[in-house]
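Please read these notes with the model open beside you, and check each point against the picture as you go.

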Amino acid sequence: MTDEAVRRLIIGAARSLFDRKLTHGSTGNISVRIGDAILVTPTGSSLGTVQADELSTIDLDGRTLHGPKPSKEAFLHAATLRARPQATAVVHTHSTYAAAVSCLDGLDPANALPPLTAYFAMRIGRLPLLSYHAPGDDSLEDLAETTARDNTAFLLANHGPVVAGATLGAAMDAIEELEETAKLFLLLRGNSTRPLTPDQVERLRPPA
Ligand SMILES: [Zn+2]
């Protein structure tokens, strides 16, 4: 795929997230790997208005190669893509329901959401919760990289989800599934629920 085609895909995904209120203000960022480089949305940009020629190009260590300054969260994308050679895209949002879950007390840090539906089990599998880190705290980078080696998605405490995919379409599908499952989880709180069994989950688990 050409650089131009990837830029168009990123902008299409950005508008889709913004138009459906899965991102707000200048939150949320999208990246796609092309060879040894990563195209990522720039710092301070809104996914509702960012343009194809405004994307930043960074390397896999998160250093800027050219273009505007990358998102302050670009290091999360680089760390996730380093950890997952089979992934080409990463999407991060502060989407309402997933962010709400990330603020709850008493979650299982190994898996913040129960497997309520088959599609969550297939597209996400397991959702580790990473402890709160202040913006700019780069100790999150190592934690994200280590976690991403065995997980396609993780949830940043008091913040939001980071999801990788073999393609940008797969990462988008997965982060939307995560958001919907977070919504179900919150709707069902206080009710007795019956998540999928470990055996049912195992049959659906995405490749590590
Ligand atoms: Zn963020």
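Predicted model: local features only at pLDDT ≥ 70, side-chain atom pairs only at ≥ 80, totals over all residues.

1. Residues are numbered from 1 along each chain as its sequence is written, and side-chain values use heavy atoms, with hydrogens and water left out.

2. Eight strands make up an open sheet of mixed pairing, in the order β4-β3-β2-β1-β5-β8-β7-β6. β4 (64-66) and β6 (129-130) are at the edges with a single partner strand each, so one side of each has no neighbour in the sheet. Here helices (H or I, at least four residues) and strands (E, at least two) are DSSP runs numbered from the N terminus, and two strands pair if DSSP finds at least two bridges between them.

3. Strand β5 deserves a careful look. β5 pairs with β1 in the antiparallel sense over four bridges, with N29 opposite H92 in β5; β5 also pairs with strand β8 (residues 160-165), again antiparallel and over four bridges, where G165 in β8 is the bridge partner of A89. A89 and V91 point one way from β5, whereas V90 and H92 point the other way, and all are buried, buried meaning under 20% relative accessible area with a 1.4 Å probe and protein chains only.

4. Helix α1 (residues 3-19) lies across β1 (29-34), β2 (37-40), β3 and β5 (89-92), and runs at about 160° to β1. Such angles run from 0 to 180 degrees between N-to-C directions, and axes are lines fitted to C-alpha atoms, for helices over the stretch in contact, where contact means heavy atoms within 4.5 Å.

5. Helix α2 (residues 74-83) and helix α5 (residues 139-150) pack at an angle of about 35°, with their axes 8 Å apart. F75, L76 and A79 are among the α2 residues that meet α5, whose side of the contact includes L140, A144 and A148.

6. Helix α6 (residues 168-188) has 21 residues and reaches 30 Å from its first C-alpha to its last, close to the 30 Å expected, that expected span being 1.5 Å times one less than the number of residues. The buried residues of α6 include L168, A171, I175, L178 and F185, and α6 is followed by G190, whose phi is positive, near 95°.

Technical notes. Buried < 20%, exposed > 50% of the residue type's maximum accessible area, 1.4 Å probe, protein only.
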